[in-house]
Amino acid sequence: MNSQHTLLDRVIHGVAGIGPLLFFAVATVEGFLRAGYDPIAQPISALALGPRGWIQEVNFALLAASFFSFAAVLRTALRPGMASVAGPGVFVLMTIGVVLAATFTMDAPGAASTLIGGLHTVGGFLVFPWMPVVLLIVARRFRRDARWRPHFNYTLVTGLACLVTLIFFLLFVGPPPSPRPLSALTGLVQRVLLLPFLTWTAIVAHRAYRGADDASVTVHTSGASRALST
């Protein structure tokens, strides 16, 4: 680990890289442990219902911190350029969506719609539709940046896969309360959308941390070479 990184750098990159996958892992384990919960049919948000709901609320807080930290990572890694503003901006918007989802619990299955449940749904609309958007924004930048070009194909494919999954969800599964032909697959499709995206954030955060290491080593080596040559 390079000494050029401050403690704050390490914390931000660590939360951005580990947090999203930890969120998914906690939701997966909690889903298996929760009696009566069906991860195929029910969304992750349903884990916030009931006496053990506080676990998922804390898990949402972790995801919000992860997205906000990743916004800071992208802001530094992609600077300069419009992508260094647009990419982090989308992640800040998604952070707000996760905070809404954590603050306002979804309506229980079969229950009447409420304002609180509606605000939870608004939070979801500030997260899921923006996943392919930010991936495609960043992919465009990766294609034009030699430092990130090796990650262009992976980012593009992930973005297109998330877009296809999102369209499938909206057409055949659908957000509550509107039923769709495959609404019984809500939890499964949500996880198929989430996992590639969260894995991408972890990989890019790790690469950004390593990239900062490489840059600092290059600067240090170049400076030493100039000093020896004088």
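Predicted model: local features only at pLDDT ≥ 70, side-chain atom pairs only at ≥ 80, totals over all residues.
A residue counts as buried when its relative accessible area is under 20%, exposed when over 50%, and partly exposed in between (1.4 Å probe, protein chains only). Residues are numbered from 1 along each chain as its sequence is written, and side-chain values use heavy atoms, with hydrogens and water left out.

**Overall fold**
- The chain has seven helices and zero strands, taken as DSSP runs numbered from the N terminus (helices: H or I, at least four residues; strands: E, at least two).
- Going along the sequence, the pattern reads α-α-α-α-α-α-α.
- Take contacts (heavy atoms within 4.5 Å) between residues at least 6 apart in sequence: 68% of them join residues at least 24 apart.

**Surface**
- The accessible surface is about 11,800 Å², and carbon and sulfur atoms account for 73% of that.
- Areas come from the Shrake-Rupley method with a 1.4 Å probe, and for residues only the protein chains shown count as cover.

**T186**
- You'll find T186 in helix α7, which covers residues 186–229.
- T186 counts as buried because its relative accessibility is 13%.
- Setting aside residues up to four places away in sequence, T186 touches I40, A41, P43, F169 and V173.

**A102**
- A102 sits in helix α3 (residues 83–103).
- With a relative accessible area of 22%, A102 is partly exposed.
- Beyond its neighbours within four places in sequence, A102 contacts E57 and F60.
- Q56 is 46 residues from A102 along the chain, and their C-alpha atoms are 8.1 Å apart.
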